[in-house]
Amino acid sequence: MMQFSDLQFTKSILKLFYGKYPDLGVDLISDIVEETLIVAHNLFFTRDFVEENKDLCLKCGFCCRELECDNFDGKECLDYVNRSKVCKDYPFYEIGLETGISLDVQCNYSFKLAEKVINNRLKPYVDLDLYEI
Ligand code: SF4
Ligand code: SF4
């Protein structure tokens with residue numbers, strides 16, 4: 001089930017792409033965003049893809065602050081070397097057979113990963129000029 005943070009995230013992504021590609025039309029953009037973030041989320045946000053793009057993490061500490069973790073001193077992790085696998089993987093998660101990324105709009109890493117995937121999926125339509133206003 002979708003959470004409030006997922007909705008906020010989806011709304012922000014839609015706003016970004018409606019603004020970026022106004023000629024594509026809201027239906028196409030909405031379909032691709034829905035498929036990417038919700039329907040086939042695990043296909044696009046694999047562990048390898050998340051790891052390949054580690055540079056998108058701003059090391060802002062938002063994820064640690066949210067967890068109110070005792071190892072967070074307000075700026076950095078006091079036990080960085082021994083941090084758990086969940087911390088090392090974030091925003092990627094694996095719960096049973098379910099995998100994907102946490103859709104938190106305040107996490108640059110997560111937002112930019114989504115932006116990258118959706119941009120790549122929309123680009124062919126932009127390049128081929130298949131859609132008109
Ligand atoms: S909130 Fe996202 S961008 Fe910030 S440190 Fe955590 S993973 Fe990195
Ligand atoms: S252990 Fe470190 S990386 Fe993990 S939540 Fe706490 S402060 Fe953040």
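Figure 1. Read along the sequence, the pattern is α-α-α-α-α-α-β-β-α. This is a predicted model. The protein holds seven helices and two strands. Its C-alpha trace spans about 55 × 30 × 30 Å along the principal axes.

**Figure 2. Helix α1 against helix α2.** Helix α1 covers residues 4-20. Its axis and that of α2 come within 10 Å. The two axes cross at roughly 140 degrees. The crossing of α1 and α2 is right-handed. From α1, the contact uses Thr10, Ile13, Leu14, Phe17 and Tyr18. From α2, Val26, Ile29, Ser30, Val33 and Leu37 take part. By class, this contact of α1 with α2 has eight nonpolar residues, two polar ones and no charged ones.

**Figure 3. Helix α2 against helix α7.** Helix α2 runs over residues 26-39, and helix α7 over residues 108-128. Their axes come within 10 Å and cross at roughly 140 degrees. At that angle, α2 is therefore oblique to α7. The crossing of α2 and α7 is right-handed. On the α2 side, Leu28, Ile29, Ile32, Val33, Thr36 and Leu37 make the contact. On the α7 side, the residues are Ala114, Val117, Ile118, Arg121, Leu122 and Tyr125. The contact of α2 with α7 counts 10 nonpolar residues, one polar and one charged.

**Figure 4. Helix α1 against helix α7.** The axes of α1 and α7 come within 11 Å. They cross at roughly 40 degrees. The pair α1 and α7 is therefore oblique. Helix α1 passes α7 in a right-handed crossing. Ile13, Leu16 and Phe17 stand on the α1 side of the contact. They meet Ala114, Glu115, Ile118 and Leu122 of α7. Six residues of the contact between α1 and α7 are nonpolar, none is polar and one is charged. Some residues return from the earlier views. Ile13 and Phe17 of α1 also take part in the contact with α2. Ala114, Ile118 and Leu122 of α7 also take part in the contact with α2.

Figure 5. Strand β1 spans residues 92-95, and strand β2 spans residues 98-101. The two strands pair in the antiparallel sense, over four bridges. Ile95 has Glu98 of β2 as its bridge partner. Two residues lie between the strands of this hairpin. Gly96 takes a positive phi there, near 60 degrees.

**Figure 6. The shell around ligand 1.** Cysteines in this shell include Cys57, Cys60, Cys63 and Cys107. Leu58, Lys59, Gly61 and Phe62 are also around ligand 1. Helix α5 (62-67) and helix α7 each supply at least two residues of the shell. By class, the shell around ligand 1 has nine nonpolar residues, two polar and one charged.

**Figure 7. The shell around ligand 2.** Cysteines here include Cys64, Cys69, Cys77 and Cys87. Leu67, Asn71 and Phe72 are also around ligand 2. Six residues around ligand 2 are nonpolar, one is polar and two are charged.

Terms used:
Residues are numbered from 1 along each chain as its sequence is written. Chains are lettered from A and ligands numbered from 1 in the order in which they are written. This is a predicted model: local features need pLDDT of at least 70, side-chain atom pairs count only at pLDDT 80 or more; totals for chains, interfaces and linings use all residues. A residue is near a molecule or strand if its C-beta atom, placed from the backbone, lies within 6 Å of it. Ala, Val, Leu, Ile, Met, Phe, Trp, Tyr, Cys and Pro count as nonpolar, Asp, Glu, Lys and Arg as charged, and the others, Gly among them, as polar. Axes are lines fitted to C-alpha atoms, for helices over the stretch in contact, and angles run from 0 to 180 degrees between N-to-C directions. Angles under 35 degrees count as roughly parallel, over 145 as roughly antiparallel, 65 to 115 as roughly perpendicular and the rest as oblique. A crossing is left-handed if the near helix is turned anticlockwise from the far one by less than a right angle, and right-handed if clockwise. Two residues are in contact if their C-beta atoms, placed from the backbone, lie within 7 Å. Two strands pair if DSSP finds at least two bridges between them.
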